[in-house]
Each structure stands twice: as structure tokens, then as C-alpha cells.
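Let's walk through this model together, from the overall fold down to single side chains. Please keep the viewer open as you read.

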Amino acid sequence: MATLIEAVKRQALSTFSKNCSSVYFEENLSKLRLLASKLTSSDVELDKSLLLNSDLPNTNIKSSKSRLAPVTYIEVFENPDITIGIFILKSGARLPLHDHPLMYGILKVIHGKVRIHSYSPLSREDLTEEQASETSFVDRCGKQYSSHDADTSPTDLFRQACLFAVKEPEIIVDQSDDACLLSPQRGNLHEIHTVDGPAAFVDILSPPYDADIPGFGPRPCRYFREVSHSNENLVSKLITIPSPSDYWSDTAPYTGPPCNSDE
């Protein structure tokens, strides 16, 4: 009998594999989310010692060589269609605001509690004239250009240096809650903070970061900062930033049930 994490992997492959029919995509996605919602730390044999680190101070911790990384990543499974991993956030740590270009994501907390701030990017058609005039892009050489000079290709979205997005209601999620879902259109940018101690969650993404986007290249992971917000229409202005200095990660081996074949 397959373990739960193996069943999750198989359902993820059925949902996102390029060889699977798109007719049943929404049904398969619902099945995957339901299965992922059942995951616990025991199902992946989470090493609880990885959670045991002193609280992170409100300083530039990256400059302190004596401190462990605030985030640890454990790769469970990866192929060209999906990645399954476990993020471990030490007490006081966060995943900075980042995007998932044309990706789906499922997040299931298996230890502790997290606060999630999400944003849903506005399409060009949804922008006001003023917002469109403020939207800027960066070409492959790093030169900025305005939305008026951008082409109509969806790949231009991945070159935005400034974008507008609807700020979704903040949620707090713990291990008793169902898995969270993000899509290319909804909640595609998010920031994740620990609440009252360390936390861990299983993360399922498709396609993986670095997978090719036709006409653009490898999928990037970009970081953002909110610079303004309208309480009237809940739209925020976000700008791209370098990877924040308080965030970096290390890795640990996966020690749970086998989950390493494409079957």
C-alpha cells in the first residue's frame, strides 16, 4: 500500500504531467489538494531537530556567520513537471514576498503556524490608465521601459519591475487547516511568516522554478516590496527588489518514506 506522501506525488503527477488530459485538470487539482490536506509531519518523518533554533533577532542576521540559516529546504521529489519539498522556518523567520510565474502551488502546514500575505496580479486589461503609466519593465540587459513600449506577450509579465496586484485578506494557517492553493491568477505572490515559534510546510509546485517558459527562458523567482496600497480598491503597487538580506536558506536530506520515482 502506498504511503500518503507517495499518493500525493502520484496525484500531483496525474494533475500536472504534460501527458495528462486538461479536461480533468480541475478535478485532479481538487483531489490533489484533498490528499495534501491530510499530510502530517509523521507522513514525511520530519526531523524535529531542524526546528530547534533560537529565535532570530530583528537584525541583519545574514551578516552573522555564526548563525544557522533562517530557512531550511528539504527536496522530496522533483521532475520536469513538479517539485515537492518541505520548508522549515525557524522561529521569527519568513519567506519574503515572491512570485510564481505561471505556476500552481499547494502549501500544507505540518508543524506550527504561519501567517500568509498574498497578492493576485492585475492583468494589463484590468489596469487603470494611471496604473498602466506607472508599470515598468526590465529587458534582458537590465534597461527599464514603460508599459507603452511593452509588447502584448504574456512573457512581458516576467520582466515587470513594477506591478499592481489585489491584496488578498491575510490568513493564519496551522497544521489542522486544509492545504492552501495558489494559481497563476490568484494569490500568485505571497509572503510567509512564522507565528509563535518555528513552522514547517510541504510545498508542491508546478511547473518547477527554472522550468522553461516559451519565449522567455527559465522561470525566475523574483522578490517584491509593497510601496503603496489603496484601501478603496485593495490594489497595491509592488516593485522588484534583490533577495532581502534577512533571508537565505540551507538544505537537509529527505529522510521520509521513499518518493523518488516518476511512477
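A charge is said to sit over a ring if NZ of Lys or CZ of Arg is within 6 Å of the ring centre and within 35 degrees of the ring normal. By that rule, the charged end of Lys-9 sits over the ring of Phe-77, at 5.3 Å from the ring centre.

Before going further, a word on the ground rules. This is a predicted model, in which local features need pLDDT of at least 70 and side-chain atom pairs count only at pLDDT 80 or more, while totals for chains, interfaces and linings use all residues. Residues are numbered from 1 along each chain as its sequence is written, and side-chain values use heavy atoms, with hydrogens and water left out.

Now for the overall picture. The protein chain has three helices and 17 strands; helices (H or I, at least four residues) and strands (E, at least two) are DSSP runs, numbered from the N terminus. Of the 263 residues in the protein chain, 49% are buried. Here buried means under 20% relative accessible area, exposed means over 50%, and partly exposed lies in between, with a 1.4 Å probe and protein chains only. The protein chain exposes about 13,400 Å², and carbon and sulfur atoms supply 50% of that area; the areas come from the Shrake-Rupley method with a 1.4 Å probe, and for residues only the protein chains shown count as cover. Among contacts (heavy atoms within 4.5 Å) in the protein chain with a separation of 6 or more, 76% are between residues 24 or more positions apart.

Let's turn to the interior. In soluble globular proteins, nonpolar side chains tend to be buried together. A nonpolar core, as used here, is a set of buried Ala, Val, Leu, Ile, Met, Phe, Trp, Tyr and Cys residues joined through side-chain atoms within 4.5 Å. The largest such core has 30 residues, and Ile-86 and Ile-204 touch the most other members. At least two residues of this core come from each of α1 (4-16), α2 (25-36), β1 (71-78), β2 (83-89), β4 (104-111) and β12 (199-206). The largest share, six residues, is supplied by α1. Beyond its neighbours within four places in sequence, Ile-204 is in contact with Val-8, Ala-12, Leu-32, Ala-36, Thr-83, Ile-84, Tyr-104, Gly-105 and Ile-106. Apart from this core lies another, of 16 residues, among them Ala-93, Val-109, Tyr-223 and Tyr-247.

The structure holds six aromatic pairs; rings of Phe, Tyr and Trp (its six-membered ring) pair if their centres lie within 6.5 Å, with planes under 30 degrees apart counted as stacked, over 60 as edge-to-face and the rest as tilted. Phe-87 and Phe-201 form a stacked pair, 5.4 Å centre to centre with 25° between the planes. Phe-87 lies in strand β2 and Phe-201 in strand β12, so this pair ties together parts that are 114 residues apart in sequence. Both Phe-87 and Phe-201 are buried. Elsewhere, ring pairs link Phe-16, Phe-25 and Tyr-104 into a cluster.

What does the side chain of Thr-15 reach? Thr-15 is found in helix α1 and is buried, with a relative accessible area of 6%. Its side chain reaches the backbone oxygen of Gln-11 at 2.7 Å and the backbone oxygen of Asn-28 at 3.2 Å.

Leu-97 is in strand β3 (residues 94-98) and, at 3% relative accessibility, counts as buried. Glu-191 has its place in strand β11 (residues 189-194) and is buried as well, at 15% relative accessibility. Among the contacts of Leu-97 are Tyr-119, Glu-191 and Tyr-223, while those of Glu-191 include Arg-94, Leu-97 and His-117.

We finish with some backbone details. Most residues other than glycine have a negative phi, and most peptide bonds are trans. The peptide bond from Ser-206 to Pro-207 is cis, with omega near -10°, and Pro-207 is found in the loop between β12 and β13 (212-213). Asp-210 lies in the loop between β12 and β13, where it has a positive phi of about 75° and is exposed, with a relative accessible area of 59%. Asp-196, in the loop between β11 and β12, has phi near 60° and counts as exposed at 75% relative accessibility.

Terms used: A polar contact is a pair of N or O atoms within 3.5 Å; within protein, one must be able to donate a hydrogen and the other to accept it, and residues adjacent in sequence count only if both atoms are side-chain atoms.
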